[in-house]
Amino acid sequence: MRPFVSALVLAAGASTRLGQPKQLLPFGSTTLLGSVVAEVQAASALDEAVVVIGGAAAEVRRRVDLGGVKVVENPEFSDGCASSYRLGIGALDARAEAVAVLLGDQPGVDRVVIDLMVDEWRRTRDRIMLASYRVREGHPIVFARALFPELVALRGDKAAWKIVDAHRDWIRPVPVDRPHPRDVNTWQEYEALLRNAVGPE
């Protein structure tokens with residue numbers, strides 16, 4: 001039986017720099033978060049998906065198709081993403097041997113990359129595995145179950161990267177021959193994402 005691997009999608013941000021919920025910004029036929037969730041659901045290597053929402057949670061539930069994923073609301077989303085890790089890890093299936101962490105504002109991480117990462121983790125069982133987009137590190141980051149307590153104990157923002165930086169010798173990078181996927185924190189980044197979605201960089 002293959003090891004059980006969960007996805008954890010972090011989508012609880014307050015979008016303070018944008019001034020409106022970035023999860024709900026239009027992207028293709030859906031929204032930023034809707035696109036991420038669709039790719040996660042389409043990834044055959046995953047066994048479940050947990051999506052943590054917080055900012056504009058009620059509107060996100062109304063406007064994003066969250067069917068087929070486990071949704072967790074983070075009332076402390078303004079405290080940084082560490083609180084989302086605590087809730088998200090706590091909501092994972094008890095069988096989870098690893099978790100693949102994705103960002104709710106990074107629709108460029110598609111099912112192909114997710115399946116590549118998770119399949120490679122099942123082959124090697126490394127403690128930390130991350131995508132290396134032409135040598136630039138990024139998501140998904142896959143953490144083995146042994147690191148779940150460290151994820152739960154995190155505080156503040158940039159949470160998982162603190163573990164990555166503290167344990168460089170544990171990391172296995174997986175080469176991905178494509179540009180680093182964009183995330184969205186400003187209008188300029190959103191506009192660049194839309195341009196990239198309809199043509200080459």
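**Sheet architecture and salt bridges**

Valine 9 has valine 51, a residue of β4, as its bridge partner. In this predicted model, the strands concerned, β1 (residues 4-11) and β4 (residues 48-53), run parallel and are joined by 6 bridges. Both belong to an open sheet of 7 strands with mixed pairing, in the order β5-β4-β1-β6-β8-β7-β9. Because β5 (70-73) and β9 (171-176) each have a single partner strand, they stand at the edges, and one side of each is left without a neighbour in the sheet. From one strand to the next, the twist averages 25°.

Two helices were found to lie across these strands. Helix α1 (residues 32-42) lies across β1, β4 and β6 (96-103), and runs at about 175° to β1, whereas helix α4 (residues 111-124) lies across β1, β6, β7 (128-133), β8 (136-144) and β9, running at about 140° to β9.

The whole structure contains 15 salt bridges, among them one between lysine 70 and glutamate 48, whose closest N and O atoms are 3.8 Å apart. Since lysine 70 lies in strand β5 and glutamate 48 in strand β4, this pair ties together parts that are 22 residues apart in sequence. Lysine 70 is partly exposed, at 36% relative accessibility, while glutamate 48, with a relative accessible area of 14%, is buried.

A further salt bridge, between arginine 172 and aspartate 126, has an N to O distance of 3.9 Å; arginine 172 lies in strand β9 and aspartate 126 in the loop between α4 and β7, so that parts 46 residues apart in sequence are tied together. Arginine 172 and aspartate 126 also belong to a network of salt bridges that links them with Glu120 and Arg123.

Definitions and conventions
Residues numbered from 1 in each chain as written. Predicted model: local features only at pLDDT ≥ 70, side-chain atom pairs only at ≥ 80, totals over all residues. Heavy atoms only, no water. Pairing = 2+ DSSP bridges. Helix = DSSP H or I, 4+ residues; strand = E, 2+ residues; numbered from the N terminus. Axes fitted to C-alpha atoms, helices over the stretch in contact; angles between N-to-C directions. Contact = heavy atoms within 4.5 Å. Salt bridge = Lys/Arg side-chain N within 4 Å of Asp/Glu carboxyl O. Buried < 20%, exposed > 50% of the residue type's maximum accessible area, 1.4 Å probe, protein only.
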